[in-house]
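Okay, thanks for making time, everyone.

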Amino acid sequence: MNPDYNVEFFRKFMLVMNALDNRAARNHVNRMCLAADIPLIESGTAGYLGQVTVIKKGMTECYECQPKPTQKTFPGCTIRNTPSEPIHCIVWAKYLFNQLFGEEDADQEVSPDTADPEAAWNPEDTAARATASEKDGDIKRVSTKEWARSTGYNAVKLFNKLFKDDIMYLLTMDKLWKKRKAPTPLDWHQLKNSACPQEKSVGSGLKDQLVLGVWGLCQMFQRSVESLRSELQEKGEGAELVWDKDDPPAMDFVTAAANLRMHIFSMNTKSRFDVKSMAGNIIPAIATTNAVIAGLIVLEALKILSGELESCRTIFLNKCPNLRKKLLVPCILDPPSANCYVCASKPEVTVKLNVHKTTVLCLQDRILKERFGMVAPDVQIEDGKGTILISSEEGETETNNSKFLADFGIRNGSRLQVDDFLQDYTLLVNVLHTEELERDVEFEVVGEAPDKAPPPQPNKEEVNSITNGNKADSAQPSTSSKAPADDDDVMIVDSDEEEGASSSSAAAPTSGTKRRHSDAETGESSTKRLRMDSTDNDDDDIIALD
């Protein structure tokens, strides 16, 4: 998202291949390719599932045409080296719990990642630095659990290793911090000596909804480590604990460790309640899945470079073979969504919020940046005066941040012109004032239904498709239809066998095929449109991962 990589930069290329690890970056590249009118090959994997699709302005759906559930998976180098969001620290803390008290997993390492390509050192320096890293403040780099056991799970030593020595080691990877704010190590004894006896928690209400100060988090960390150590001892030699959000010591440990890491990386800390609600499952990366998807990306790229854009497909990698014994299933590309707030000719959205409670900073960070994926938005109120509410130029409108929208005359029916010059993207935001939002809901996008697929749109166009990347082994012509969502974990498939021959075919409607499956990027259950020939029901069962 560096301004150096602007639209003109993207126009230098014939196509772009995405191999990205987060939603914000995917959204951004999608918009840059639309602005530059360059074909984009988008892909994603989740465990054994994967997909590849092609995005072309005016011809296909863009990445943001279909609403997507919140992302739940994160790359290891981000978790270990450069967390930028609270969820990154929460995932790290859950990994840490398993490394210390549960089943050790090499894919859940919490120590600094020396293989991070962004932190790559000069080759001649690598060996020297690797040797120097064997010890960090008298702590030898061995298995995290092995080292913890050798200390008797001493909470203070654990604290100083995780939040001081490891952070100091991260600071030696100086390339990581050239364009990021560097982390600040914490030292237990310094914090203890400087702790104020009257240190208060922030917030009100239930105990779990309080945000503790740094020393309060240190004490919670110490108590939880001691409790978990006792649990391990009671279970006997070789015992392991399983993390459970409803187990108080386990939840306290993750809350304390995650918040301490948030503080180190200059993030606002969270309450125990917030941490508990954010802690989710992590989907592993499978090397073979990534290899298959990488190959499919190249096959689609060859079509584009050969001027055969119309023959490009969306291809899905299934976990198990379908009824025709195929793991790879191709589909024709969907046309752009008329209601997309990104690739429509005049993008426009309506946002329901309370103008008396929504601050300018909330509009900027929570709505425009987080929800609508902008990087550096400029906002002008359509009030006849051209009032500038938010400027991407540093220092111009920061004084507005704490003010409410109503303070600027924004009311029900007001319109905001939002521009992101980096993305060459303009969005018109219609404000719908309401005082009836649910508790803890800051805003709603009107008409948004993230858990539902669009209504059916019959398409009779016949195309040639490719199965398993081999033109000689092609599937039957297929078309696209979009069906409403079914309940989770329901699968209905077509069968060549007579009705009643299998439980699958017995449940299958003759008009279509659909199943819900996990999203290749988020792991959330997601619905995708069936592709089938209007004259031939002998088609593959199709899934899609939005």
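Let's begin with the part to be careful about. Over residues 449-519 the pLDDT stays under 50, and there the model still has 155 contacts beyond four places in sequence. This is a predicted model, so please keep that confidence in mind for those contacts. There's another stretch of that kind: residues 126-141 have pLDDT below 50, with 23 contacts beyond near neighbours in sequence. For the protein as a whole, the mean pLDDT is 78, and 73% of the residues reach 70 or more. Element by element, helix H14, residues 503-507, has the lowest mean at 33, while strand S1, residues 16-17, has the highest at 97.

Okay, on to the cores. The largest nonpolar core has 58 residues. Which residues have the most contacts inside it? Those are Trp92, Phe101, Phe159, Phe163, Phe221, Phe253 and Leu260. Helices H4, H6, H7, H8, H9 and H10 each supply at least two residues of this core, and H4 gives the most, with 11.

Take Phe163 as an example. Leaving out residues up to four places away in sequence, Phe163 touches Trp92, Pro185, Leu186, Phe221, Ala257, Leu260, Arg261 and Ile264. Apart from this core there's another one, of 42 residues, including Val7, Val342, Ile367 and Tyr425.

Back to H4 for a second, which runs over residues 86-101. It has 16 residues and reaches 22 Å from first C-alpha to last, close to the 22 Å expected at 1.5 Å a residue. And is H4 buried or exposed? 16 of its 16 residues are buried, so the helix is largely enclosed by the rest of the structure.

Now the sheet. 6 strands form an open sheet, in the order S10-S9-S11-S12-S8-S13, and the pairing is mixed. At the edges sit S10, residues 388-390, and S13, residues 443-445, each pairing on one side only. From one strand to the next, the twist averages 30 degrees. Inside the sheet, S11 and S12 run antiparallel and are joined by 6 bridges; Asp419, for instance, has Thr426 in S12 as its bridge partner. Then helix H13, residues 360-371, packs on the sheet, touching S8, S9, S10, S11, S12 and S13. The direction of H13 makes about 65 degrees with that of S10.

Most residues other than glycine have a negative phi. Asp37, though, has a positive phi, near 55 degrees. Asp37 lies in the loop between helix H2 and strand S2, and is partly exposed, with a relative accessible area of 39%. Ser266 also has a positive phi, near 60 degrees. You'll find Ser266 in the loop between H10 and H11, partly exposed, at 40% relative accessible area.

Leu302 counts as partly exposed, at 48% relative accessibility. Where does Cys312 lie relative to Leu302? The two are 10 residues apart in sequence and 9.6 Å apart in space, C-alpha to C-alpha.

Methods
Residues numbered from 1 in each chain as written. Predicted model: local features only at pLDDT ≥ 70, side-chain atom pairs only at ≥ 80, totals over all residues. Heavy atoms only, no water. Core = buried A, V, L, I, M, F, W, Y, C linked by side-chain atoms within 4.5 Å. Buried < 20%, exposed > 50% of the residue type's maximum accessible area, 1.4 Å probe, protein only. Helix = DSSP H or I, 4+ residues; strand = E, 2+ residues; numbered from the N terminus. Contact = heavy atoms within 4.5 Å. Pairing = 2+ DSSP bridges. Axes fitted to C-alpha atoms, helices over the stretch in contact; angles between N-to-C directions. pLDDT = per-residue confidence, 0-100. Expected span 1.5 Å × (residues − 1).
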